[in-house]
Amino acid sequence: MASNMTAVATIRKVAVATMPPSSQILLRTSLSRLRCPSSTLTRSMAISALPAASSLEEAGRQQYHHRHRLPLPGGAWSASTVALATACITAAASIALSPNVALAEQSPSTAAEHNDGDDSNTEMDNDETTKIINWSGTHSITLPNSKYHEPQSPSELKTIVHNAYTSGQHIRPVGSALSPNGIAFDSRGMICLSHLDQILDINKEDMTVTVQAGARVSQVLDALRPHGLTLPNLASIAEQQVGGFVSVGAHGTGASIPPVDEFVVGLTMVTPSDHGVVHMTEQSHGPLFKLARLGLGGLGILSEVTLQVIPAHRLVEQTMVLSRSEAKAQLHTLLKRHKHVRYMWIPYEDAVVVVTNDPERDLPLAMKGGTVVPNSGTTTGRKKIVTQEDITPKYSKAEELAPMRELLHKLLKNKPASMEDVVLDDETIRGMGFGDLRDAILASGNMLDPTHIRQCNKAEVEFWTKAQGLDIAPSDQKLQFDCGGQQWVYEVCFPTGSYGLPNSNSMDFIEELLHEIETRGLPAPSPIEQRWTSSSSSPLSPAYDIVSSSQNGCGRKQSYATQSALFSWVGIIMYLPSEDFDPTGYRREFITQSFKEEYCKLVRRIGKKYGIMCHWAKLEVPSTDAEEDDDGVAESVRDHYGPKVISAYNAARAMYDPKGLLSCPLIDQIFGPVSSSSSAESE
C-alpha cells in the first residue's frame, strides 16, 4: 500500500519506469514544479479520468478540472506538460485498476467514502500516515491519519473542531501547502478544507464574492469570469486555498494596491473555544476582525471568506530590460504611471527586467521616454491604443530561448561523472520552456559556484532582451507568472515613503544588497524580485504602517498618511536540483546551508536599518531546541510589531483558541504559548 507517499511521488513511481531516460528527467522536473503537492488523487478521481477521454490532452484537462486536480497550465501544452499529463493518466489507470492502493493525502473517512461499497480494500487503520510536502520541496511532514482531518461538510468541520476542543487534540489548519516555510505544518495534528471549496455567493451590487475557505483562488476566478468580475490582485500564482491566501498576507504588486487581506470584508471562523462559530466584519468586531483576517491560522479555522471584487479587465503588459541606473532613475515615474510594476534584478549583470501591467482601457499617456511607445502619427499626450502589430513578438520562441538552449547543451557535454545518468536529448530540450530550461541549466553545474551562476544569469539576460515587448490578456492571466522549480525563497517588506512622495529606500536597499553579493561572490541566481504595494490595516501584515497606526490604536481606522504609505517587497531565491541531478540529496543540503547561513543573514543584516519584516509564509525560525536562533529572528519580529500588536494578538488567541490547538512552532516561538488569563481587547 502506498499510503506513505504523496500523490506526486506515486505518479513518479508508476509512470517513470516506462519512459525513456530523457522523458523521465523532463517528467521529474515538471513534477517538481507542481503548485499543489498536497492535492489528493482519490480512487474515484482516478476512475473519473479514464472514460470518454478521446485524446491525451482532453484526458489531462479532465483531471485538471476535477475537485482534486493537479494544476496543469492552460493554453498551449509544452512537451513537459504532455509528459506530465501522460504520467497523470498512467497513474490514474493504475490506481483505478489496483483496489489495494491508497494515497498519502487520503484520511480514513475520505478513503471509505470513495470505495464504492468495497470496504475490504480501502479501509485504513489509524496507524496509517499522511505525508505532505510543500510546493517548494523544502518542508514536509508525516503524521498519523488519526491526527489529520479533511471534513466533507461545514457540519463535519464544526464537529471536528468541537471534539478537538473537548479532547485537547491539535488541529492546525493547512491549505494547499504552498507556503515555502511550511507555516501550516504541525505534527501534533492538522486539518485541511480541500473539500469545502464552494462558491457561495456573487453579489454584483455590493461587488463581493463569498466562498468556502477551501476554494482555490483559481476556482474563484473561474466562477467570477461569467459575471464579468475578477479579484483585485493575485500573488503570482492562483492555486492557494482562499483561507491561506488571506491568512498569511499574500500580495501582488501595485503601488496603490494593498496586500490581499485588505480585500476581505467578512469572514466566518470555527473556533476551538466556547465561542464556537464566529461571524465577523469590521463593523461587528472592529480591530478583532482585522486581526482575524490575517491571523496566521491561529485564531480560528476560516470556513467562509467574503472578498471585494472588481470588474474583469484585460491588462496590457510591457516587458523591457533597463540598465540598473535607468531602473533607478525611472522608478518613481513607473510606480505612478503604471498600475502594476515588477522589477527583476539580475546579479552580476547590468540588467533589470521591468514588467508593467495596465488596464487596456486606462493606459498611461504615451509620452516621450514613457514605457508605452505611440504608433506613428499618434500625438503626444493621447491614450495609447494597442494594435495586433504592437503585440506581435519581434522574435520567435525558438530565437528567444536559443541562448539558454545553447548553454544547456554546452553544460551537458561537460557534465561531471556524478551526472552520467542525466540524459536530455535535443527533442526534449526543444520542448522545454523558460522555467524548465533555467532549472536544468542551474542543476547541470555547481549551483554554489559563482562562475556557473554568472553564466546562467547572462543567458537569462539574453533571453529577456529578446522577449521584450507588449502583450495583452485578462488580468487573472497576466498577474500570474512562473516562479520556477523547487527552491528556497526569502522575502522581506519595508516602508519606502508614500505613493505621492517615495523615498530612496527601495533603491538603497537593492544597491547595497547587490554590492554585497557581487563583492563577496555569493552564488545568487536570477532574479532578485522587487514589488510594491500600499499598506494594509491588518496589524500582523508586514505592510502594516506601524508608526502611523500607533497613533490611532491597533487595527483602528487608517489615516490618510497610513493609506498612502508605500512598501517595497524584495525576494531572494536559490533553486534546488531535482533528484535526477542530485540522487543523494547532498547538493540540496549544501544549497540549503548556503542560503540560510549566508544569503538570508546578509538580507537581514542589510535590512535592519530599513525596518524589514519577512513575509509570514517565508519566515524561517529554527523550530527545535537543537537549532540556535543566533540571529534573534523571533525576537526581531516581536520588536518589529511592538508589544501592543503582540499583546492584542495573544489576547485574541486566548479568546478564540484558549488551549492553543491551532498554533504551530513558528507562532509558539514568536508569540509564546497561549495564556488562559488573557482576554481579547475590545478597544
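User: Which residues in helix 15 meet residues in helix 17?

Analyst: In this predicted model, Leu401, Met404, Arg405, Leu407, Leu408 and Leu411 of helix 15 meet Phe434, Leu437, Arg438, Ala440 and Ile441 of helix 17. By class, the residues of this contact are nine nonpolar, no polar and two charged.

User: Why is helix 15 called roughly parallel to helix 17?

Analyst: Helix 15 (residues 397-413) and helix 17 (residues 434-443) pack at about 30°, and their axes are 10 Å apart. Angles under 35 degrees count as roughly parallel, so helix 15 is roughly parallel to helix 17. The crossing of helix 15 past helix 17 is left-handed.

User: What makes helix 13 and helix 20 roughly antiparallel to each other?

Analyst: The axes of helix 13 (residues 324-337) and helix 20 (residues 505-520) cross at roughly 165° and come within 10 Å. An angle over 145 degrees counts as roughly antiparallel, and therefore this pair is described as roughly antiparallel. Helix 13 passes helix 20 in a right-handed crossing. The residues making the contact are Arg324, Lys328 and Leu331 on helix 13, with Ser506, Met507, Glu511, Leu514 and Glu518 on helix 20. This contact has three nonpolar, one polar and four charged residues.

User: Why is isoleucine 171 called buried?

Analyst: Its relative accessible area is 0%. Buried means under 20%, so isoleucine 171 is buried. Isoleucine 171 sits in the loop between helix 8 (154-167) and strand 4 (172-174). Leaving out residues up to four places away in sequence, isoleucine 171 touches His149, Ile160, Val161, Ala164, Gly189, Met190, Ile191, Ile301, Leu661 and Leu662.

User: How far apart are isoleucine 171 and leucine 662 in sequence and in space?

Analyst: They are 491 residues apart in sequence, and their C-alpha atoms are 5.6 Å apart. For the protein chain, 73% of contacts between residues at least 6 apart in sequence join residues at least 24 apart.

User: Is leucine 296 buried or exposed, and how do you know?

Analyst: Leucine 296 has a relative accessibility of 2%. The cut-off for buried is under 20%, so leucine 296 counts as buried. Leucine 296 is in the loop between helix 12 (287-293) and strand 11 (301-308). Although not a glycine, leucine 296 has a positive phi of about 60°.

User: What makes methionine 207 partly exposed?

Analyst: Methionine 207 has a relative accessible area of 24%. Buried is under 20% and exposed is over 50%, so methionine 207 is partly exposed. This residue is in the loop between strand 6 (199-203) and strand 7 (208-212). Methionine 207 also has a positive phi, of about 55°, and is not a glycine. Most residues other than glycine have a negative phi.

User: What kind of peptide bond joins serine 526 and proline 527?

Analyst: The bond is cis, with omega about 0°. Proline 527 lies in the loop between helix 20 and strand 18 (528-534).

User: Which residues touch the most other members of the largest nonpolar core?

Analyst: They are Tyr343, Phe509, Ile528, Trp616 and Leu619, in a core of 147 residues. Helix 24 (residues 633-656) gives the most to this core, ten residues. A second, separate core has ten residues, including Ile132, Leu143, Ala177 and Cys192.

User: How many residues does the protein chain have, and what percentage count as buried?

Analyst: The chain has 683 residues, and 61% of them count as buried. There are 25 helices and 20 strands in the chain.

Technical notes:
Residues numbered from 1 in each chain as written. Predicted model: local features only at pLDDT ≥ 70, side-chain atom pairs only at ≥ 80, totals over all residues. Heavy atoms only, no water. Axes fitted to C-alpha atoms, helices over the stretch in contact; angles between N-to-C directions. Helix = DSSP H or I, 4+ residues; strand = E, 2+ residues; numbered from the N terminus. Parallel < 35°, antiparallel > 145°, perpendicular 65-115°, else oblique. Left-handed = near helix turned anticlockwise from the far one by under 90°. Contact = heavy atoms within 4.5 Å. Nonpolar A, V, L, I, M, F, W, Y, C, P; charged D, E, K, R; others polar. Core = buried A, V, L, I, M, F, W, Y, C linked by side-chain atoms within 4.5 Å. Buried < 20%, exposed > 50% of the residue type's maximum accessible area, 1.4 Å probe, protein only.
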